[in-house]
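Please read them with the model open.

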Amino acid sequence: MSARSMWRQAGLLVGPALLLLLAVYFYPLGRLFVLSLTGGPGGAAGLAAYRVAYVMTRVGPTAVRVLMVFVLLPLWTSILVRTYAWMVLLQANGVLNNVLRWLRVIDEPLRLMYNETGVVIGMTQVLLPFAILPLYASLRNIDPRLPRAAQIMGAGPWRRFYSLTLPLSLPGVATAALLVFVQGLGFFITPALLGGSRVITLAMVIETQVVDLLDWGLASAAAMVLLLLTAIVVVGFDRLLGLDRAWA
């Protein structure tokens, strides 16, 4: 039997099971991918890190130190503590809804928990520092003489940003996306508490298979899919861009 025939038979045997596994986990994994890269619908949270990093490169040393403290401050607190704090803020009778009703902005409390909105807010707050730091490093390494030269040539602020600053900072953007994506894949506490049973991530599926259903085989298969996907993303990023170049 030739090698091609052996591979064909192996594909016929393993293919249906692999397709079923991908079909079962593709949707939650895809949702997690979107959340980790964009911070939710519209990508507003995903752009927040770039804005903060850009401002940090345009202010003085004292302001940079103050901003850096605010960026790093959430990392000094446990994720569990921060998640419970968001639950206090976002619940129906929480601080945010009470303030909005006191200001007469809303009549009924907003649904900010046990849905995708709460998960997006919680994950964004946790992952934002990991996006800001590589973006700040990339923007800081841009030669300040280049924007000045572009200004002398007649380029306006927006033209200088889109034609010069943004392309030169793309390695930092890619690094931030990689860090947020890889960490977002394994998120469990924040989606479980803020999303309840309505927002399911792959880590929650693995926990359910192990703790509730005692299906160690399916949990192991899901964990291998998670590990394989992470490895593919990291290796592909290194091949296309280069991890050493992204941090240079």
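How many helices and how many strands does the protein chain have? The protein chain has 13 helices and 0 strands, where helices (H or I, at least four residues) and strands (E, at least two) are DSSP runs, numbered from the N terminus.

1. Basis. This is a predicted model, in which local features need pLDDT of at least 70 and side-chain atom pairs count only at pLDDT 80 or more, while totals for chains, interfaces and linings use all residues. Residues are numbered from 1 along each chain as its sequence is written, and side-chain values use heavy atoms, with hydrogens and water left out.

2. Overall make-up. Of the 248 residues in the protein chain, 35% are buried; buried means under 20% relative accessible area, exposed over 50%, and partly exposed in between (1.4 Å probe, protein chains only). Among contacts (heavy atoms within 4.5 Å) with a separation of 6 or more, 69% join residues 24 or more positions apart.

3. A nonpolar core is a set of buried Ala, Val, Leu, Ile, Met, Phe, Trp, Tyr and Cys residues joined through side-chain atoms within 4.5 Å. The largest one has 22 residues, and Ala53, Met56, Ile132, Leu135 and Tyr136 have the most contacts inside it. Two or more residues each come from α2 (44-56), α3 (61-72), α6 (116-140) and α9 (170-185). The largest share, 9 residues, is from α6. Another core, of 7 residues, lies apart from this one and includes Leu185, Leu202, Ala219 and Leu226.

4. Leaving aside neighbours within four places in sequence, Tyr136 is in contact with Ala53, Met56, Thr57, Val64 and Met68. Ala131 lies in helix α6 and is buried, with a relative accessible area of 10%. With the neighbours within four places again left aside, Ala131 is in contact with Ala49, Ala176 and Val180. Val180 is 49 residues away from Ala131 along the chain, yet their C-alpha atoms are separated by 6.6 Å.

5. Packing of α3 on α6. The axes of α3 and α6 come within 9 Å and cross at roughly 145°; axes are lines fitted to C-alpha atoms, for helices over the stretch in contact, and angles run from 0 to 180 degrees between N-to-C directions. Val64, Met68, Val71 and Leu72 of α3 make the contact with Pro129, Ile132, Leu133 and Tyr136 of α6.

6. Helix α8. Which residues of α8 are buried? They are Arg160, Phe161, Leu164 and Thr165. Seen down the axis of α8, these fall within an arc of 125°, so they line one face of the helix; the arc is that of the directions from the helix axis to the C-beta atoms. An α-helix has 3.6 residues a turn, so residues three or four places apart point the same way. Trp158, Arg159 and Tyr162 are exposed on the other side of α8.

7. The loop between α5 and α6. Arg104 is found in the loop between α5 (95-102) and α6, and its phi is near 60°, a positive value in a residue other than glycine. Arg104 is exposed, with a relative accessible area of 74%. Tyr114 is placed in the loop between α5 and α6 and has a positive phi of about 60° although it is not a glycine. At 42% relative accessibility, Tyr114 counts as partly exposed.
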